[in-house]
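Please examine the following model with attention to its helices, its helix packing and its nonpolar cores.

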Amino acid sequence: MTPPGFSPAFDAEFHDLLRWRRDVRHFRRDRVPGPVLDGLLATACLAPSVGLSEPWRFVRVDDPARRRAVRDDFAHCNARALAARDGSDASDYARLKLAGLDDAPHHVAVFSDNDPAQGRGLGRGTMPQTTTWSTVMAIHTFWLAATVAGVGVGWVSIIDPARVSAMLDVDPGWELVAYLCVGYPQDPSDTPELQRRGWERRAPERQHWIER
Ligand SMILES: Cc1cc2nc3c(=O)[nH]c(=O)nc-3n(C[C@H](O)[C@H](O)[C@H](O)COP(=O)(O)O)c2cc1C
């Protein structure tokens, strides 16, 4: 099969995609059509994985009681994170909106099966964390595909992984990697929300490079 050629116009659009992919915390309430969401999850599975193990496990959380339990867990963990800060740091933190769990029409929990039969253990001997990293790759692929479809994704990590895993009644061997809010964004932006709210700024790229 002939590989596709990527045109300069596509390259420019791809850069726009990376620039406009956002962590979204303000969602419209209308649902993403089922086939669209299915397509995004299928695209996520094109991600690379150690030994071709494909350890990602996506759990769509539609049950209202389970969603409420996760939201309550976030509220609890977020209150604790706030209490651990003081002074202006605490008031800055209190002003942030760090999840869209109430508004987002879809919740997707992403787990990693860190001992999958698939892949036959290849590449995991010296770096067992590579299954988790593979799952992160799938999440990023999902995030980019969603952005292309005009769908927003917000990553929530201010939850207790053991409690949320129990709430979702999944295989005890699976590791919770991300809890995603998914839906149409209220206000697309090319600037991270934490930057817009004055919490943190992107550093110049070169600050992250070193030479040896
Ligand atoms: C591993 C990971 C965990 C994150 N956890 C949270 C979170 O709990 N709450 C939140 O509001 N944003 C969370 N984020 C989103 C980041 O704050 C966001 O990616 C960052 O500010 C850059 O903004 P951008 O994604 O819009 O470019 C998380 C992102 C990653 C990659």
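Helices (H or I, at least four residues) and strands (E, at least two) are DSSP runs, numbered from the N terminus. The model is predicted: local features need pLDDT of at least 70 and side-chain atom pairs count only at pLDDT 80 or more, while totals for chains, interfaces and linings use all residues. Residues are numbered from 1 along each chain as its sequence is written, and side-chain values use heavy atoms, with hydrogens and water left out.

The buried residues of H5 include Thr130, Ala138, Ile139, Phe142 and Trp143; buried means under 20% relative accessible area, exposed over 50%, and partly exposed in between (1.4 Å probe, protein chains only). Among the elements that cover these buried residues are helix H1 (8-20), helix H2 (34-44) and strand E3 (152-156). Just after H5, Gly150 adopts a positive phi of about 75°.

A further helix pair deserves attention. The axes of helix H3 (residues 64-83) and helix H6 (residues 161-168) come within 10 Å and cross at roughly 170°, which makes H3 roughly antiparallel to H6. Axes here are lines fitted to C-alpha atoms, for helices over the stretch in contact, with angles from 0 to 180 degrees between N-to-C directions; angles over 145 degrees count as roughly antiparallel. From H3, the contact (heavy atoms within 4.5 Å) involves Arg66, Ala69, Val70, Asp73, His76 and Cys77, and from H6 it involves Arg163, Val164, Met167 and Leu168. These residues divide into six nonpolar, one polar and three charged.

Leu168 also belongs to the largest nonpolar core, which has 22 residues; Ala109, Val156, Ile159 and Tyr179 are, with Leu168, those with the most contacts inside it. Such a core is a set of buried Ala, Val, Leu, Ile, Met, Phe, Trp, Tyr and Cys residues joined through side-chain atoms within 4.5 Å. Strand E1 (56-61), H3, strand E2 (106-113), H6 and strand E4 (174-183) each supply at least two residues, and the largest share, three residues, comes from E4. A second, separate core of 19 residues includes Leu40, Leu41, Ala146 and Val182.

Finally, Ala81 lies in helix H3 and counts as partly exposed because its relative accessibility is 25%.

Conventions: Parallel < 35°, antiparallel > 145°, perpendicular 65-115°, else oblique. Nonpolar A, V, L, I, M, F, W, Y, C, P; charged D, E, K, R; others polar.
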